[in-house]
Amino acid sequence: MQALVIVAHGSHLNPDSSAPTHHHADTIRETGAFDEVKTGFWKEEPSLREVLRTVESDEVYVVPLFISEGYFTEQVIPRELRLSGWDVSEWDSDGLSADTATLTAADTGQTVHYCGPVGTHEAMTDVLVRRAETVTGDPDVGEGFGLAVVGHGTERNENSAKAIEYHAERVREMDRFDEVQALYMDEEPEVDDVTEYFESEDVVVVPLFIADGFHTQEDIPEDMGLTDDYRTGYDVPAEVDGHRIWYAGAVGTEGLMADVILERAADAGADIEEAIATVREATREAEAETDTETQAAGD
């Protein structure tokens, strides 16, 4: 038997914080790729400390639903899962290349394939582009558009910015959008000044965050000038300084995120290629249905 455990931060204050994690777990569970699919959280139940005890399988693939390598992926999660012999050198990472470390859970004896975070996996680039397609309703969006990849940014963890720059550069190399910029909340260049960094009239803004919360629903919309008060809402697209801003919200809420989770597990040795193809097809179909419903509502 093999199991998948998706671990995330969660929140005591925002009940919606864990919603994407549960949604992606359900999507993967439906594929039948694993005998068990479980979720564990730092700030919610089931806790990281107890989640492996809810798993019957002897072999477990643990995928952190985090954006960057840092305190949680390198210290908190391995400690709470009691992974014997863990050391960050197991990943031999430059801040972007964490892959897999196979260890034993001290209290359960399970073999744990501990994977790098989803946010630094190359497949996340596809999710960013898909997010742009979803918010604009255009599967071919790109020409005539700029794309802003937004991160939190912090001087306390240089890896935070590395993930944003990495995916912005990968999208840039696709030569699909007219302009691609990495912007931040707490570093230069700041998302507050988004229109100053683009000549394109239309700009899609995608925050590289796992869940919608205080930053993505309140701070960023107000900082960009989409609204003076997030509680009153804002248009998509919204007119700001002569530009149309298509604000997509957190990338982690995109259905295709389930694919990145599976890609992480596959890189660690799980035989799930059919499940990956199923998830990609299912998310495409779900988006097509949503687009049809939206158009019907508009008619």
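## An exposed residue, Asp241

Asp241 counts as exposed because its relative accessibility is 63%, where exposed means over 50% relative accessible area, buried under 20% and partly exposed in between (1.4 Å probe, protein chains only). Asp241 sits in the loop between S10 and strand S11 (243-247). Its phi is positive, about 50°, although Asp241 is not a glycine.

This is a predicted model, in which local features need pLDDT of at least 70, side-chain atom pairs count only at pLDDT 80 or more, and totals for chains, interfaces and linings use all residues. Residues are numbered from 1 along each chain as its sequence is written, and side-chain values use heavy atoms, with hydrogens and water left out.

## Overall form

The protein has eight helices and 11 strands. These elements are DSSP runs numbered from the N terminus: helices are H or I with at least four residues, and strands are E with at least two.

For 299 residues, a compact globule would have a radius of gyration near 19 Å, and the protein agrees with 19 Å. That radius is taken over C-alpha atoms, and the globule rule is 2.2 Å times the number of residues to the power 0.38. Along the principal axes, the C-alpha atoms fill a box of roughly 60 × 45 × 35 Å. Of the 299 residues, 54% are buried.

## Helix H7

Just after H7, Gly269 has a positive phi of about 115°.

## A negative patch

Asp99, Glu122, Asp267, Asp271, Glu273 and Glu274 form a patch of negative charge on the surface. Patches are made of residues with over 30% relative accessible area and no salt bridge, with like charges joined within 9 Å and nonpolar side chains (Val, Leu, Ile, Met, Phe, Trp, Tyr) within 5 Å. A salt bridge is a side-chain nitrogen of Lys or Arg within 4 Å of a carboxyl oxygen of Asp or Glu.

Glu274 belongs to helix H8 (residues 273-298). With a relative accessible area of 70%, Glu274 is exposed.

## The loop between S4 and S5

Ser97 lies in the loop between strand S4 (83-84) and strand S5 (100-105). Ser97 is partly exposed, at a relative accessible area of 36%. From C-alpha to C-alpha, Ser97 and Thr120 are 7.2 Å apart in space and 23 residues apart in sequence.

Asp92 is also placed in the loop between S4 and S5. Asp92 is exposed, with 66% relative accessibility, and its phi is near 45°, a positive value in a residue other than glycine.

Tyr234 is found in the loop between helix H6 (214-224) and strand S10 (238-240). Tyr234 is partly exposed, with a relative accessible area of 31%. Pro237 lies in the loop between H6 and S10, and a cis peptide bond with omega of about 5° joins Val236 to Pro237.

A cis peptide bond also runs from Glu188 to Pro189, with omega near -5°. Pro189 is placed in the loop between strand S8 (179-184) and S9. Ala211 lies in the loop between strand S9 (202-207) and H6, and at 17% relative accessibility Ala211 counts as buried.

Note on methods. Accessible areas come from the Shrake-Rupley method with a 1.4 Å probe; for residues, only the protein chains shown count as cover. Lys and Arg count as positive and Asp and Glu as negative; His and the chain ends are not counted. The place of a charge is taken as NZ of Lys, CZ of Arg, CG of Asp or CD of Glu.
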